[in-house]
Amino acid sequence: AALRADLICLTMADDAPSLRMASRDFFWFSPILKAELEDKRAALVVFPRSKDELARVAAACARRRVPLTIRGGGTGNYGQAVPLAGGLIVDMRNLGLMVFAGVGAWRFEAGAIMLDIERALEPHGQELRFHPSTRAQATIGGFVAGGAGGVGSCTWGQIDNLGAVTALEVMTVEETPRRSELRGREILKVMHAYGVNGIITEVELPA
């Protein structure tokens with residue numbers, strides 16, 4: 001009740017179908033993970049529409065000591081998006097704005113669907129260097145946090161290769177959340193960390 005009061009006016013869901021869908025990724029590909037994770041559920045799902053709303057969620061979870069799980073498109077298949085300790089899930093897909101598309105680089109909010117990014121970049125004469133087969137569902141933040149490669153990787157390599165990502169903006173989960181800009185080798189601190197050491201809020205990649 002206290003957490004809900006902190007998040008008043010934000011879009012939330014706690015009905016059984018929403019909680020089940022938000023608490024799953026494609027872990028069921030594995031019979032072992034299916035048995036382990038099938039019954040895991042969050043108690044609440046929040047759909048922030050801005051980084052200010054996201055900061056309210058992070059601050060409230062830190063203050064109330066509520067477990068927080070960050071979720072993009074949920075296309076991973078190892079249970080990374082599953083709330084092992086219940087708590088709250090943040091669905092990032094409303095945070096998908098294009099920050100810029102310029103010469104040599106482009107930048108989107110982390111919740112942008114990769115196919116939508118491709119369509120937005122087309123008028124600028126740009127495209128994704130590589131993308132997973134799940135680009136119609138996968139978010140760019142989720143790809144950075146837990147992806148690897150895909151179509152185009154024979155030429156451009158993997159997402160965690162140094163230089164594949166130009167910059168990341170990351171938000172901390174504290175009572176007063178902070179946002180930090182990471183570049184160069186600093187990016188490797190949150191690459192492939194599944195969001196457990198900071199919430200990726202913006203992603204910049206080379207064109």
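The legends below describe close-up views of a predicted model.

**View 1. The largest nonpolar core of the predicted model.** This core comprises 42 residues, of which Leu-88, Ile-140, Val-165 and Leu-168 touch the most other members. Two or more residues each come from the strands β2 (44–46), β4 (88–91), β6 (105–109), β7 (167–171) and β9 (199–206), and from the helices α4 (51–64), α5 (114–121) and α6 (140–146). The contribution of α4, five residues, is the greatest. Apart from this core lies another one, of five residues, including Leu-19, Ala-22, Ala-42 and Ile-89.

**View 2. The surroundings of Leu-168.** Leu-168 is one of the residues that touch the most other members of the largest nonpolar core. When residues up to four places away in sequence are not counted, Leu-168 touches Val-144, Ser-180, Glu-181, Leu-182, Ile-187, Val-190, Met-191, Ile-200, Glu-202 and Val-203.

**View 3. Strand β4 and its pairing with β2 and β3.** Strand β4 is joined to β3 (residues 68–71) by four bridges, and the two run parallel. The pairing of β4 with β2 is also parallel and extends over three bridges. Val-90 in β4 stands opposite Ile-70 and opposite Val-46. Leu-88 and Val-90 point one way from β4, whereas Ile-89 and Asp-91 point the other way; all of these residues are buried. Leu-88 belongs to the largest nonpolar core, while Ile-89 is among the members of the five-residue core that lies apart from it.

**View 4. Thr-139 in the loop between α5 and α6.** Thr-139 is placed in the loop that lies between these two helices. Thr-139 counts as buried because its relative accessibility is 3%, below the 20% limit. The side chain of Thr-139 reaches the backbone nitrogen of Gly-142 at 3.0 Å. With neighbours within four places in sequence left aside, Thr-139 is in contact with Gly-72, Gly-73, Arg-93, Ala-110, Gly-111, Ala-112, Ile-113 and Met-114.

View 5. The structure holds zero disulfides. For Cys-61, the nearest cysteine sulfur is that of Cys-9, 17 Å away, and Cys-61 is in no disulfide. Cys-61 is buried, since its relative accessible area is 3%. Cys-154, by contrast, counts as exposed because its relative accessibility is 89%, over the 50% limit.

Technical notes:
Residues numbered from 1 in each chain as written. Predicted model: local features only at pLDDT ≥ 70, side-chain atom pairs only at ≥ 80, totals over all residues. Heavy atoms only, no water. Core = buried A, V, L, I, M, F, W, Y, C linked by side-chain atoms within 4.5 Å. Buried < 20%, exposed > 50% of the residue type's maximum accessible area, 1.4 Å probe, protein only. Contact = heavy atoms within 4.5 Å. Polar contact = N/O pair within 3.5 Å; in protein donor to acceptor, adjacent residues only side chain to side chain. Disulfide = S-S within 2.5 Å. Pairing = 2+ DSSP bridges.
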